[in-house]
Amino acid sequence: MQAELKIPEDIWPRRRDWGGEIVSLYIKEGSEIKVGDVIAEVEIEKAILKILSQYNGKVVKVLVKEGDKISPGSVIALIEV
């Protein structure tokens, strides 16, 4: 079964209109990940947020790259769980 790794909305600042940018991406297609692994770092208004995996599985497709603009709920990757 495939699942989406998303930017969690609950870690975003209260202002939902703020955009963010992927500054570091720690996953690649084919890599194995576990719940709690840091998969990316996102800069939002001069703060760096660590994005953690919500699933155990294998990364099937990475949908973003460093420098991409993102928002709450953006899908980072698809994984096989």
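Good morning, colleagues. Please keep in mind that this is a predicted model.

Four strands form an open sheet, ordered 1-8-6-3, with antiparallel pairing. The edges are strand 1, residues 2-6, and strand 3, residues 32-33, each of which pairs on one side only. Within the sheet, strand 1 and strand 8 are joined by five bridges in the antiparallel sense. Strand 6, residues 57-62, is antiparallel to strand 8, residues 75-80, and four bridges join the two.

How many residues does the largest nonpolar core have? The largest nonpolar core has 19 residues, and Leu-5, Leu-25, Ile-27, Val-42, Ile-51, Val-59 and Ile-76 are those with the most contacts inside it. At least two residues of this core come from each of strand 1, strand 2 (20-25), strand 4 (38-44), strand 6 and strand 8. Strand 4 gives the most, with four residues. Ile-27 illustrates the packing. Apart from neighbours within four places in sequence, Ile-27 contacts Leu-5, Ile-33, Ile-39, Val-59, Val-62, Ile-76 and Ala-77.

Two loop residues deserve a moment. Pro-8 lies in the loop between strand 1 and strand 2. In sequence, Pro-8 and Pro-72 are 64 residues apart, yet their C-alpha atoms are 6.3 Å apart in space. Beyond neighbours within four places in sequence, Pro-8 is in contact with Ile-51 and Gln-54. The second residue, Ser-74, sits in the loop between strand 7 (69-70) and strand 8. Is Ser-74 buried or exposed? Ser-74 counts as buried, because its relative accessibility is 17%, and the limit for buried is under 20%. Setting aside neighbours within four places in sequence, Ser-74 contacts Leu-5, Lys-6 and Ile-7.

Next, the charged side chains. Side chains of opposite charge can pair when their charged atoms come close. The whole structure contains four salt bridges, and I shall describe three of these pairs. Lys-69 and Glu-21 form a salt bridge whose closest N and O atoms are 2.8 Å apart. This pair links distant parts of the chain, with Lys-69 in strand 7 and Glu-21 in strand 2, 48 residues apart. Lys-69 is exposed at 63% relative accessible area, whereas Glu-21 is partly exposed at 26%. In another pair, the side chains of Lys-50 and Glu-41 meet in a salt bridge of 2.7 Å, N to O. Here Lys-50 is exposed, at 51%, and Glu-41 is buried, at 13%. The pair of Asp-68 and Lys-65 has its closest N and O atoms 3.2 Å apart. Asp-68 is buried, with a relative accessible area of 19%, while Lys-65 counts as exposed at 54% relative accessibility.

I close at the surface. Which residues form a nonpolar patch on the surface? Met-1, Tyr-55 and Val-81 form this patch, and together they have about 310 Å² of accessible area. Val-81 belongs to the segment after strand 8. With a relative accessible area of 41%, Val-81 is partly exposed. Thank you for your attention.

Note on methods
Residues are numbered from 1 along each chain as its sequence is written. This is a predicted model: local features need pLDDT of at least 70, side-chain atom pairs count only at pLDDT 80 or more; totals for chains, interfaces and linings use all residues. Side-chain values use heavy atoms; hydrogens and water are left out. Two strands pair if DSSP finds at least two bridges between them. Patches are made of residues with over 30% relative accessible area and no salt bridge: like charges are joined within 9 Å, nonpolar side chains (Val, Leu, Ile, Met, Phe, Trp, Tyr) within 5 Å. Accessible areas come from the Shrake-Rupley method with a 1.4 Å probe; for residues, only the protein chains shown count as cover. Buried means under 20% relative accessible area, exposed over 50%, partly exposed in between (1.4 Å probe, protein chains only). A nonpolar core is a set of buried Ala, Val, Leu, Ile, Met, Phe, Trp, Tyr and Cys residues joined through side-chain atoms within 4.5 Å. Contact means heavy atoms within 4.5 Å.
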